[in-house]
Amino acid sequence: MRIVAFGDSITEGKVGILPEQNWLLLLGKKLGPRFELFNAGVGGNSAREAMARYEKDVLALEPDAILLEFGGNNNDPRNPGRQVDDAEFKRHLLDFRSRLPENCKVVMITFPPIIDEQHAWREMIPGGKLDDRLQSQRQIVRDFAAENRWPLLDLYRLMWDRRYELILPDGVHLNPAGQVFFAEAVYQLIKQEGWLEQ
């Protein structure tokens, strides 16, 4: 089975860790040689920027399954022109679905918690509550997964109580323990979905 992870820096998994600590690499070791894993995460991408490379970076690989996670950069306060509002975000998800290969499986993943008091953008956001600004789009991901009967990995809810343990001091990226947590959560979900037997 060929699995492509598609998203932003959380998917890419490079910030603040060693290469061998990357969640997708850890997942691949758990899954074994029957699975081919490809990382199509690009740090800093909004949903708009990610979808602009969907054909080249994801569909060209002819995936059997896609792990979809993005959204954190949709609310970049430094550049209003980069911002992706809820309506546009929904359009990108519809575009993603419309171009899916036949029989391609999808796992939707919510953006993990942001620790507001540690994030570099906190002073640019009214009240410093960047995490709150992402909640509507996390819910869009949940609803879209339910609408399409796709499995959902609600990384936000899974990590919330352990966010200070699993997130780097920058307040957003996953530390080595967070990478292990992410890999294990994905593994358990796809095991539950029966992918290991296919």
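A: Start with burial. A residue counts as buried when its relative accessible area is under 20%. Note also that this is a predicted model.

Q: What is the relative accessible area of Phe-96, and is Phe-96 buried or exposed?
A: Phe-96 has a relative accessible area of 0%, so it is buried. Trp-150 comes out at 16%, so it is buried as well.

Q: What share of the 198 residues is buried?
A: Buried residues account for 55% of the 198 in the protein.

Q: How do I read the overall build?
A: Take secondary structure, then overall dimensions. The protein has 10 helices and five strands. Its radius of gyration is 16 Å, close to the 16 Å that the globule rule gives for 198 residues, so the protein is as compact as a globular protein of that length. Along the principal axes, the C-alpha atoms fill a box of roughly 50 × 35 × 25 Å.

Q: How many aromatic pairs does a search of the whole structure find?
A: The search finds eight aromatic pairs. Phe-6 and Phe-70 are one case: 5.8 Å centre to centre, with 75° between the planes, hence edge-to-face. Phe-6 lies in strand β1 (residues 2-7) and Phe-70 in the loop between β3 (65-69) and α5 (86-98), so this pair ties together parts 64 residues apart in sequence. Both Phe-6 and Phe-70 are buried.

Q: Why is the pair of Phe-96 and Trp-150 edge-to-face?
A: The ring centres of Phe-96 and Trp-150 are 6.2 Å apart and the planes stand at 90°, so the pair is edge-to-face. Phe-96 belongs to helix α5, while Trp-150 sits in the loop between α7 and β5 (152-153), so the contact ties together parts 54 residues apart in sequence.

Q: Which residues do ring pairs link into a cluster?
A: Phe-6, Tyr-54, Phe-70, Phe-89, Phe-96, Phe-144 and Trp-150.

Q: Which charged residues lie over rings?
A: Look for a Lys or Arg end above a ring face. Lys-30 lies over the face of Tyr-187, at 4.5 Å from the ring centre. The charged end of Arg-163 sits over the ring of Trp-160, 3.6 Å from its centre.

Q: Now empty space. How is it found?
A: Rolling a probe the size of a water molecule over the atoms shows where empty space is left. Here, a search of the whole structure finds two cavities of 30 Å³ or more.

Q: What lines the largest cavity?
A: Its lining is Phe-70, Gly-71, Phe-89, Thr-110, Phe-111, Leu-134, Gln-137, Arg-138 and Val-141. The largest cavity holds about 60 Å³ of space. Helix α7 (residues 135-148) gives the largest share of this lining, three residues. By class, the lining has five nonpolar, three polar and one charged. Phe-70 and Phe-89 also belong to the ring cluster.

Q: And the second largest cavity?
A: About 30 Å³ of space lies there. Its lining includes Ser-9, Lys-14, His-173 and Gln-179. The classes are three nonpolar, four polar and one charged.

Q: Which residues lie nearest the centre of the largest pocket?
A: Of the 15 lining residues, Asn-73, His-119, Trp-121, Val-172 and His-173 lie nearest the centre. The largest pocket has about 240 Å³ of space. Six of its lining residues are nonpolar, six polar and three charged.

Technical notes: Residues numbered from 1 in each chain as written. Predicted model: local features only at pLDDT ≥ 70, side-chain atom pairs only at ≥ 80, totals over all residues. Heavy atoms only, no water. 1 Å grid on protein atoms, 1.4 Å probe; cavity = no way out; pocket = protein on both sides within 12 Å on 5 of 7 lines; lining within 4 Å. Points joined across faces, edges and corners; volume = space filled by probe spheres on them. Helix = DSSP H or I, 4+ residues; strand = E, 2+ residues; numbered from the N terminus. Nonpolar A, V, L, I, M, F, W, Y, C, P; charged D, E, K, R; others polar. Phe/Tyr/Trp six-rings, centres within 6.5 Å; stacked < 30°, edge-to-face > 60°. Buried < 20%, exposed > 50% of the residue type's maximum accessible area, 1.4 Å probe, protein only. Lys NZ or Arg CZ within 6 Å of the ring centre and 35° of its normal. Rg over C-alpha atoms; globule rule 2.2 N^0.38 Å.
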